[in-house]
Amino acid sequence: MEAVVFPGQGAQRRGMGRELFDAFPSLTEQASDVLGYSVRELCVADPERRLRSTEYTQPALFVVGALAHLKWQEETGRSAAYFAGHSVGEYTALHAAGAFGFETGLRLVQRRGLLMSQAEGGGMAAVLGLGAGELTELLREGGFVSLALANDNTPDQQVVSGAAHEIDALEAYLSERGVRGVRLNVSGAFHSPLMRPAQEAFAAYVRDFTLGDPETPVISNVTARPHPPGGTAELLVRQISSAVRWTESVRHLLDLGVEEFTELGGSVVAKLVRQIREAHRTDADASGLPPAAPAAPVRPEPAAPAARSAPPAAPAALGSAVFRERLGLRHSYAAGGMYRGIASPAMVVRLARAGMLGFLGTGGLTPEAVEERILQVRRELREGEPFGVNFLADHDDPAAERRVAEMLMRRGVTVVEAAAFIGMTPALVLYRARGMHRGPDGAPRCAHRIVAKVSRPEVAGAFMAPPPGKVVDGLLREGAITGEQAELVRQVPMSHDITVEADSGGHTDGGIATVMLPAMLGLRRQAQRSHDYAEPLCMGLAGGLGTPEAVAAAFMLGADYVLTGSVNQCTVEADTSDAVKDMLQTIDIQDTGYAPAGDMFEMGARVQVLRKGVFFPTRANKLYALYQHHDGLDDLPAKTRALLERSYFHRTFDEIWTEVREHYRAKGQPEVTDKAERQPKVKMALVFRWYFAYSARLALTGQDGDKVNFQIHTGPALGAFNQWVKGTACESWRARHADAIGLMLMEGAAEHIAAACESWGGTSRFAPAEERALAART
């Protein structure tokens with residue numbers, strides 16, 4: 001079996017293509033017409049020394065590679081079983097495989113080269129003698145957090161990309177450690193996040209072209225797997241800022257049974273292939289097993305058969321088209337808002353630009369801080385790019401909840417994630433009703449979308465029903481909504497989109513996904529049938545989603561979308577301390593435990609938290625046990641009180657009480673502490689609650705000296721993710737980005753589903769929500 005491969009930038013040389021231009025004069029003339037200069041003169045003579053410039057190099061390599069493929073076909077009569085290309089060589093591979101014509105490919109490469117040549121302030125360096133995992137660890141130790149692995153060329157040759165000053169510093173750092181690094185003569189930080197502006201401009205340009213699917217499988221640089229149907233344009237756009245996963249691409253071809261590699265248009269990648277093949281053979285000999293693809297430097301191989309006759313399903317096709325269209329998404333994927341604003345504006349923006357839904361974290365933040373974060377997101381996103389805001393129930397202060405709802409509407413937030421609600425409150429109903437208007441056909445239209453997060457059937461049922469009549473009537477009487485809004489909101493559910501939350505990080509009821517989701521889907525069918533909603537209800541799944549297999553299982557259970565949490569907590573964008581991220585990136589699935597929830601301490605609600613390396617869960621549970629068995633602080637044994645003040649709180653109860661009293665007075669709620677002065681049990685609860693705020697604050701700031709008291713909300717999904725990416729670039733949180741994780745999980749899930757369906761002798765098909773709604777009605 002033979003694979004044809006094409007080189008990327010670096011393979012150019014003066015004199016290249018001379019015989020090809022003579023063999024194909026009409027195509028050579030066509031290329032010169034498109035480019036506006038003589039491609040023959042550029043490649044053969046290069047009189048103005050432009051062949052080294054990115055703007056000219058990339059079109060030249062495409063033309064020479066395309067003509068070389070034509071000549072190879074004519075001379076040998078052979079057809080490749082697979083194609084692959086390094087960086088810009090992937091365009092040549094896709095053209096050779098029939099995805100687009102010669103002129104289209106040339107115009108794409110010309111614009112790509114121009115945009116990349118305009119990138120400034122970046123640099124690249126080749127690092128020899130280290131694998132991707134070793135280099136990632138070295139970068140982490142040296143504090144080079146902004147540098148990215150741009151090319152994994154061979155098992156011991158990597159290319160690093162990033163800001164020029166960081167590349168300069170890296171050269172010295174490597175030299176001190178006896179590692180050979182070679183600065184590359186490029187103007188930009190190619191294949192790194194610094195190329196985002198070029199990527200966005202290229203994405204706008206690509207929209208004017210219709211790109212087909214390759215007729216012969218082409219290995220993508222981004223995924224190291226064959227291009228899926230409908231994925232050509234998306235993967236080429238992503239390639240500009242994504243790593244070139246060449247080592248894994250070649251290993252995958254070897255696993256597929258490729259025995260012969262033929263390089264056309266240069267003599268660079270053939271050398272890389274030989275090195276990879278030798279390492280692959282050595283790995284197989286050492287294990288005594290057939291060689292298997294190693295963990296990927298950007299996205300690991302999902303657990304699925306390596307060889308498939310059919311390409312994987314497109315990630316963007318997973319889940320419900322109704323959900324995607326309703327919320328303006330490309331993928332049926334969302335990331336939940338996390339406590340204390342850990343789901344930062346930067347995280348939400350990255351997800352939005354990738355066509356996924358991010359919810360801005362708000363828990364524990366003041367309304368003013370939340371408002372500023374909303375404004376920050378709006379400044380960075382273009383019109384129409386999707387985002388949401390976490391909207392938490394406030395069981396202690398309904399008036400504060402109402403003020404938050406008013407602020408969300410004032411700032412034009414049209415999507416919220418309703419969390420911790422156990423009933424439909426006036427504030428939540430107000431938000432829903434204020435977004436109601438009548439469409440041209442007279443039917444209700446919903447401008448305000450609520451994505452409800454639920455873990456109990458009765459709460460799910462409330463969200464799938466119209467809002468309570470008494471609450472609507474109350475809002476109407478006070479003039480908060482109009483008569484038309486009151487009429488229309490009674491015709492729709494509180495939420496069209498329900499997220500079933502199984503066992504997860506943070507607040508959790510510890511539910512089991514395989515039990516909860518089928519039961520909730522049954523409730524959804526009943527609600528759709530009972531109310532005959534014109535617009536279908538969609539149901540997503542959250543909790544435990546840390547690997548492609550888990551995401552695939554969610555969709556195969558019937559989820560319309562998935563929502564992740566813990567895996568996003570250990571990313572560059574997560575707004576928590578580096579100390580916390582360093583701890584989280586090492587955990588396994590057994591390293592979490594349960595503790596009381598500080599905001600619902602007296603109710604006995606639980607959160608799932610990190611237990612590895614900290615005392616917080618043990619101490620928090622001890623506090624709850626003391627609260628249950630004692631009537632007040634004065635009732636505590638003297639030794640217990642001394643232990644709490646010395647080891648848990650690092651201050652006396654009296655000092656804590658002073659802080660608590662000042663806090664509630666600043667909030668305009670002095671009646672809370674007045675009541676506590678009269679009721680010792682209430683006072684004890686408030687003092688113990690202080691510990692939860694204190695421990696969360698310690699973790700968020702990464703305060704030295706009291707790490708054992710860190711309160712870190714997380715679930716075992718992060719441990720599963722850590723094991724999945726172990727030994728890859730993503731082992732370090734400094735290489736993890738929320739949008740990339742989302743795409744990794746969705747791509748892996750699509751491949752896993754396609755492989756599973758193929759092994760069952762069927763195809764991957766999921767009934768869309770509108771079909772299920774119709775079935776429910778009949």
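What percentage of the 778 residues in the protein chain do buried residues make up? The answer is 57%. Keep in mind that this is a predicted model.

**Stop 1: the whole chain**

Select the protein chain and colour by secondary structure. You will see 31 helices and 21 strands. The radius of gyration is 29 Å, close to the 28 Å that the globule rule gives for 778 residues, so the chain is as compact as a globular protein of that length. Turn the view along the principal axes. The C-alpha trace spans about 95 × 70 × 50 Å.

**Stop 2: contacts**

Now show contacts within the chain. Take those between residues at least 6 apart in sequence: 73% of them join residues at least 24 apart.

**Stop 3: the surface**

The protein chain exposes about 30800 Å². Carbon and sulfur atoms supply 50% of that area.

Next, colour the charged side chains. There are 81 positive and 92 negative ones. The centres of the two sets lie 3 Å apart.

**Stop 4: helix H5**

Select residues 89-96, which form helix H5. Is this helix largely enclosed or largely open? Buried here means under 20% relative accessible area. By that cut-off, 8 of the 8 residues are buried, so H5 is largely enclosed by the rest of the structure. Click along the helix: Gly89, Glu90, Tyr91 and Thr92 are among the buried residues. Ala93, Leu94, His95 and Ala96 are buried too.

Notes: Residues are numbered from 1 along each chain as its sequence is written. This is a predicted model: local features need pLDDT of at least 70, side-chain atom pairs count only at pLDDT 80 or more; totals for chains, interfaces and linings use all residues. Side-chain values use heavy atoms; hydrogens and water are left out. Buried means under 20% relative accessible area, exposed over 50%, partly exposed in between (1.4 Å probe, protein chains only). Helices (H or I, at least four residues) and strands (E, at least two) are DSSP runs, numbered from the N terminus. The radius of gyration is taken over C-alpha atoms; the globule rule is 2.2 Å times the number of residues to the power 0.38. Contact means heavy atoms within 4.5 Å. Accessible areas come from the Shrake-Rupley method with a 1.4 Å probe; for residues, only the protein chains shown count as cover. Lys and Arg count as positive and Asp and Glu as negative; His and the chain ends are not counted. The place of a charge is taken as NZ of Lys, CZ of Arg, CG of Asp or CD of Glu.
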